[in-house]
Amino acid sequence: MQSVIGSLMLLFFFLLVLHSLWQWGRHFPPATREAPAGVEGGLLWIVAGLVALLVFNATGFGLMIAYFKGSGALSANLWMSAIVPGVLSWVGLIWALLRLLSGRTPRVRWEASFGCLVSNFPLPKVGGSL
(Lines give C-alpha, C1' and ligand atoms only; values in the text may rest on other atoms or scores of the structure.)
Protein backbone atom coordinates (compact mmCIF):
# COMPACT_ATOMS: atom_id res chain seq x y z
CA MET A 1 0.00 0.00 0.00
CA GLN A 2 2.85 2.35 0.81
CA SER A 3 4.40 1.91 -2.65
CA VAL A 4 1.06 2.73 -4.31
CA ILE A 5 0.76 5.94 -2.31
CA GLY A 6 4.35 6.86 -3.13
CA SER A 7 3.75 6.22 -6.83
CA LEU A 8 0.61 8.35 -6.79
CA MET A 9 2.48 11.16 -5.04
CA LEU A 10 5.24 11.00 -7.68
CA LEU A 11 2.62 11.05 -10.45
CA PHE A 12 0.92 14.05 -8.83
CA PHE A 13 4.28 15.86 -8.57
CA PHE A 14 5.04 15.09 -12.21
CA LEU A 15 1.64 16.37 -13.37
CA LEU A 16 1.97 19.48 -11.21
CA VAL A 17 5.35 20.33 -12.72
CA LEU A 18 4.07 19.60 -16.23
CA HIS A 19 1.03 21.82 -15.72
CA SER A 20 3.21 24.64 -14.38
CA LEU A 21 5.53 24.41 -17.40
CA TRP A 22 2.53 24.33 -19.74
CA GLN A 23 1.12 27.48 -18.14
CA TRP A 24 4.52 29.19 -18.27
CA GLY A 25 4.90 28.35 -21.98
CA ARG A 26 1.58 30.07 -22.76
CA HIS A 27 3.06 33.47 -21.80
CA PHE A 28 5.26 33.62 -24.91
CA PRO A 29 3.73 35.00 -28.10
CA PRO A 30 3.38 32.75 -31.15
CA ALA A 31 5.79 33.03 -34.07
CA THR A 32 2.94 33.48 -36.58
CA ARG A 33 -0.69 34.47 -36.23
CA GLU A 34 -1.86 30.98 -37.21
CA ALA A 35 0.18 29.18 -34.54
CA PRO A 36 -1.22 28.93 -31.01
CA ALA A 37 0.65 30.47 -28.12
CA GLY A 38 2.12 27.98 -25.71
CA VAL A 39 2.79 24.29 -25.79
CA GLU A 40 0.02 22.19 -27.31
CA GLY A 41 -0.45 18.77 -28.89
CA GLY A 42 2.58 16.65 -29.63
CA LEU A 43 4.98 19.19 -28.24
CA LEU A 44 3.38 18.73 -24.83
CA TRP A 45 4.22 15.02 -25.03
CA ILE A 46 7.84 15.85 -25.85
CA VAL A 47 8.00 18.26 -22.91
CA ALA A 48 6.44 15.58 -20.66
CA GLY A 49 9.11 13.12 -21.77
CA LEU A 50 11.87 15.64 -21.09
CA VAL A 51 10.46 16.35 -17.62
CA ALA A 52 10.31 12.61 -16.90
CA LEU A 53 13.92 12.18 -18.08
CA LEU A 54 14.97 15.15 -15.98
CA VAL A 55 13.38 13.71 -12.83
CA PHE A 56 14.87 10.28 -13.56
CA ASN A 57 18.36 11.67 -14.21
CA ALA A 58 18.27 13.97 -11.18
CA THR A 59 17.16 11.11 -8.91
CA GLY A 60 19.83 8.75 -10.19
CA PHE A 61 22.50 11.43 -9.98
CA GLY A 62 21.50 12.33 -6.42
CA LEU A 63 21.58 8.69 -5.32
CA MET A 64 24.99 8.22 -6.94
CA ILE A 65 26.45 11.28 -5.22
CA ALA A 66 25.00 10.21 -1.85
CA TYR A 67 26.57 6.77 -2.25
CA PHE A 68 30.00 8.10 -3.17
CA LYS A 69 29.97 10.72 -0.43
CA GLY A 70 29.17 7.97 2.09
CA SER A 71 32.01 5.77 0.83
CA GLY A 72 34.52 8.64 0.61
CA ALA A 73 35.61 7.66 -2.92
CA LEU A 74 35.46 11.05 -4.70
CA SER A 75 38.47 10.69 -6.98
CA ALA A 76 39.39 12.49 -10.20
CA ASN A 77 38.46 9.37 -12.15
CA LEU A 78 34.99 9.46 -10.63
CA TRP A 79 34.56 13.12 -11.58
CA MET A 80 35.46 12.47 -15.22
CA SER A 81 33.57 9.20 -15.60
CA ALA A 82 30.36 9.87 -13.68
CA ILE A 83 29.86 13.33 -12.21
CA VAL A 84 30.71 15.51 -15.23
CA PRO A 85 28.46 13.47 -17.60
CA GLY A 86 25.69 13.61 -15.02
CA VAL A 87 25.88 17.38 -14.81
CA LEU A 88 26.07 17.70 -18.62
CA SER A 89 23.02 15.47 -18.92
CA TRP A 90 21.06 17.66 -16.52
CA VAL A 91 22.14 20.89 -18.25
CA GLY A 92 21.33 19.50 -21.72
CA LEU A 93 17.84 18.43 -20.68
CA ILE A 94 17.12 21.73 -18.95
CA TRP A 95 18.31 23.64 -22.03
CA ALA A 96 16.14 21.56 -24.39
CA LEU A 97 13.12 21.89 -22.11
CA LEU A 98 13.40 25.65 -21.71
CA ARG A 99 14.01 26.25 -25.40
CA LEU A 100 10.97 24.18 -26.38
CA LEU A 101 8.79 26.06 -23.91
CA SER A 102 10.01 29.61 -24.52
CA GLY A 103 11.31 29.66 -28.07
CA ARG A 104 9.20 30.58 -31.05
CA THR A 105 11.77 30.56 -33.85
CA PRO A 106 12.69 27.79 -36.33
CA ARG A 107 16.11 27.56 -34.66
CA VAL A 108 14.52 26.16 -31.48
CA ARG A 109 14.25 22.64 -32.91
CA TRP A 110 18.00 22.56 -33.54
CA GLU A 111 18.81 23.95 -30.11
CA ALA A 112 16.53 21.45 -28.37
CA SER A 113 18.01 18.61 -30.43
CA PHE A 114 21.50 19.77 -29.49
CA GLY A 115 20.50 19.89 -25.81
CA CYS A 116 19.19 16.32 -25.99
CA LEU A 117 22.37 15.24 -27.79
CA VAL A 118 24.55 16.82 -25.10
CA SER A 119 22.50 15.09 -22.42
CA ASN A 120 23.35 11.68 -23.90
CA PHE A 121 26.95 12.30 -24.97
CA PRO A 122 29.33 10.10 -22.93
CA LEU A 123 32.73 11.43 -21.98
CA PRO A 124 35.71 9.12 -22.45
CA LYS A 125 36.78 7.21 -19.38
CA VAL A 126 39.97 8.23 -17.66
CA GLY A 127 42.26 5.29 -16.90
CA GLY A 128 41.51 3.00 -13.97
CA SER A 129 38.24 1.86 -12.48
CA LEU A 130 35.80 3.25 -9.98
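I started with arginine 99, which touches Thr105, Arg107, Val108 and Glu111, leaving out residues up to four places away in sequence. Touching here is contact, meaning heavy atoms within 4.5 Å.

A note on what I'm looking at: this is a predicted model, where local features need pLDDT of at least 70, side-chain atom pairs count only at pLDDT 80 or more, and totals for chains, interfaces and linings use all residues. Residues are numbered from 1 along each chain as its sequence is written, and side-chain values use heavy atoms, with hydrogens and water left out.

Next I checked where arginine 99 sits: in helix H3, residues 76–102. Helices are DSSP runs of H or I with at least four residues, strands are runs of E with at least two, and both are numbered from the N terminus.

Is arginine 99 buried or exposed? Arginine 99 is buried, because its relative accessible area is 16%. The cut-offs are under 20% for buried, over 50% for exposed, and partly exposed in between (1.4 Å probe, protein chains only).

Then I looked up valine 4, which lies in helix H1, residues 2–25. Valine 4 has a relative accessible area of 45%, so I wrote it down as partly exposed.

Zooming out, I found four helices and zero strands in the chain, and the elements run α-α-α-α from the N terminus on. The chain has 130 residues, and 25% of them count as buried.

Among contacts between residues at least 6 apart in sequence, 66% join residues at least 24 apart.
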